[in-house]
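Open the structure in your viewer and keep the selection tool ready. We will go stop by stop.

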Amino acid sequence: MAATLLKVGLVIFFFFLNVKGVREMGLFSAILTVAIILAFAAVAVVGLMNWNRSPVTPFIADEEGGMFRAFGAGLGVALWMYCGFEQISMMSGEIQDAHRMIPKALMVAIPIISLTYILPTLGGLASIGPWDEWTTETGGAGYAAVLTENGIPAGGAIFLVVAVIAQLAAYNVTMGAAARGVYMLAEENFAPKWIAGVSKTYGTPFYALLLTTVVALVLMPFNFAFLVTLEVFFMVLVYALLMVSAMILKRRIPDEEFLFKFPSGRAAHTICSVIVLVICVLVTVVSGVDYFFGGLIAILLLPVFYVIFKKRYGGCTVNEPREYPRDPRTRLAFGDYTKIGAYLIGVGIYSVVSRFFLEWYEGPDSAEYYLEEYETGIFSDMILMFSAILIIGAVCVAVGAIALLYGRKLDRDGIPSGK
């Protein structure tokens with residue numbers, strides 16, 4: 001009971017902190033981040049000062065699949081380490097000179113993030129043991145052990161505090177970004193208009209923050225592993241869509257209209273976007289069949305929610321009827337059925353191909369892991385998940401083809417002049 005009250009209290013505290021504004025939220029996160037950096041800097045210094053072995057031995061994982069499986073296992077972790085940069089843009093409307101400050105902040109933050117991960121890990125591997133012996137178990141090899149085994153007995157307690165601080169900092173920023181995303185949906189008429197209401201005192205998205213707080217409280221009792229399964233897949237989907245959008249906008253908008261100029265031109269921009277897109281695709285299939293299956297179900301709900309909220313609240317048509325005319329026959333925008341059909345076909349083909357890759361990647365021995373991890377339900381049965389992914393993929397292709405053909409017929413018969 002005490003733990004639950006503490007969690008509820010923290011969520012409510014961050015709600016009021018975010019209501020105060022971006023400056024207060026950012027200052028609090030900055031203080032927490034300094035504490036985190038200092039702790040990891042201590043690990044880096046202590047570890048490097050006690051260098052006594054090669055930090056890259058063994059170089060290749062000693063298990064079935066070798067380097068490829070090791071690469072797959074690390075890919076999701078690496079993406080997680082660098083995720084969150086898109087949240088800054090959610091708050092750009094409340095940042096002075098955002099188009100100038102955000103790129104500069106990213107140029108400073110990314111190298112710091114990299115060094116915060118690389119140097120402590122290098123020092124730890126070189127001082128206390130090979131990476132394949134590291135664990136999250138209490139008393140095992142890890143960042144805290146770098147301190148405790150090199151003359152700082154309080155290292156374990158220090159990193160327990162640091163772990164809590166890191167989660168608080170992440171939640172603080174995520175709440176602010178998520179609420180502003182919800183606020184923008186309401187502003188564009190994809191959600192009830194009252195959600196776009198702001199605090200009269202601070203000008204912050206009060207009701208969107210309140211809704212985000214309520215959702216956090218509702219999800220609190222759920223299994224953490226299940227929530228992470230959905231969150232990781234959505235996170236990867238967001239980054240994939242960002243890269244596709246970036247490439248489309250780069251072609252549509254003249255270079256002189258961009259407030260921030262991408263170095264090296266359009267070709268380099270496209271190459272970087274494609275690399276990130278490929279990484280996103282790989283992450284979804286090397287994180288495990290449970291992650292893939294849970295994420296697949298989640299992303300299939302997106303077009304369902306789009307249709308429901310578009311019909312109910314009107315979408316972009318309400319604010320910009322000339323740019324986004326509404327088809328009275330479907331109460332959706334012209335071209336929506338075509339886009340939804342293409343989306344479903346893409347998801348379907350991706351699911352079918354991924355199903356056979358996952359069967360090879362997981363191997364028959366993984367079935368026991370899922371049974372032990374989940375015990376009951378569809379997530380505990382690897383073979384059943386494989387079958388479900390294949391069936392869902394086939395259905396998506398079929399339904400998508402029907403929606404695509406129907407959408408094209410609607411577009412041919414009803415697109416208004418000038419569109």
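## Stop one: cysteines

Start with a count: the structure has 0 disulfides. A disulfide is a covalent bond between the sulfur atoms of two cysteines. Keep in mind that this is a predicted model.

Now select Cys 280. Is Cys 280 buried or exposed? Cys 280 is buried, because its relative accessibility is 1% and the cut-off for buried is under 20%. Go on to Cys 316. Cys 316 counts as buried too, at 17% relative accessibility.

## Stop two: helix H1

Select residues 2-20. This is helix H1, with 19 residues.

Next, colour the buried residues of H1. They are Val 11, Phe 14, Phe 15, Leu 17, Asn 18 and Val 19. What do the buried residues of H1 pack against? Show three helices: H2 (22-49), H7 (155-187) and H8 (206-219). These are the packing partners of the buried residues of H1.

Step just past the end of H1. Gly 21 sits there, with a positive phi of about 135°.

## Stop three: Thr 284

Select residues 265-286 to show helix H10, then pick out Thr 284 within it. Thr 284 is buried, because its relative accessible area is 6%, under the 20% cut-off. Which residues does Thr 284 touch, leaving out those up to four places away in sequence? Display Phe 233, Val 236, Phe 292 and Tyr 350.

## Stop four: salt bridges

How many salt bridges does a search of the whole structure find? The search finds 2.

For one, select Arg 329 and Asp 327. Their side chains meet in a salt bridge, 2.7 Å from N to O. Compare the two partners. Arg 329 is partly exposed, with a relative accessible area of 43%. Asp 327 is buried, with a relative accessible area of 3%.

For another, select Glu 359 and Arg 355. Here the side chains also meet in a salt bridge, 2.7 Å from N to O. Both residues lie in helix H12 (residues 336-362). They are 4 residues apart, so about one helical turn separates them. Glu 359 is partly exposed, at 41% relative accessibility. Arg 355 is buried, at 12%.

How values were computed
Residues are numbered from 1 along each chain as its sequence is written. This is a predicted model: local features need pLDDT of at least 70, side-chain atom pairs count only at pLDDT 80 or more; totals for chains, interfaces and linings use all residues. Side-chain values use heavy atoms; hydrogens and water are left out. Helices (H or I, at least four residues) and strands (E, at least two) are DSSP runs, numbered from the N terminus. Buried means under 20% relative accessible area, exposed over 50%, partly exposed in between (1.4 Å probe, protein chains only). Contact means heavy atoms within 4.5 Å. The expected span of a helix is 1.5 Å times one less than its number of residues. A salt bridge is a side-chain nitrogen of Lys or Arg within 4 Å of a carboxyl oxygen of Asp or Glu. A disulfide is a pair of cysteine sulfur atoms within 2.5 Å.
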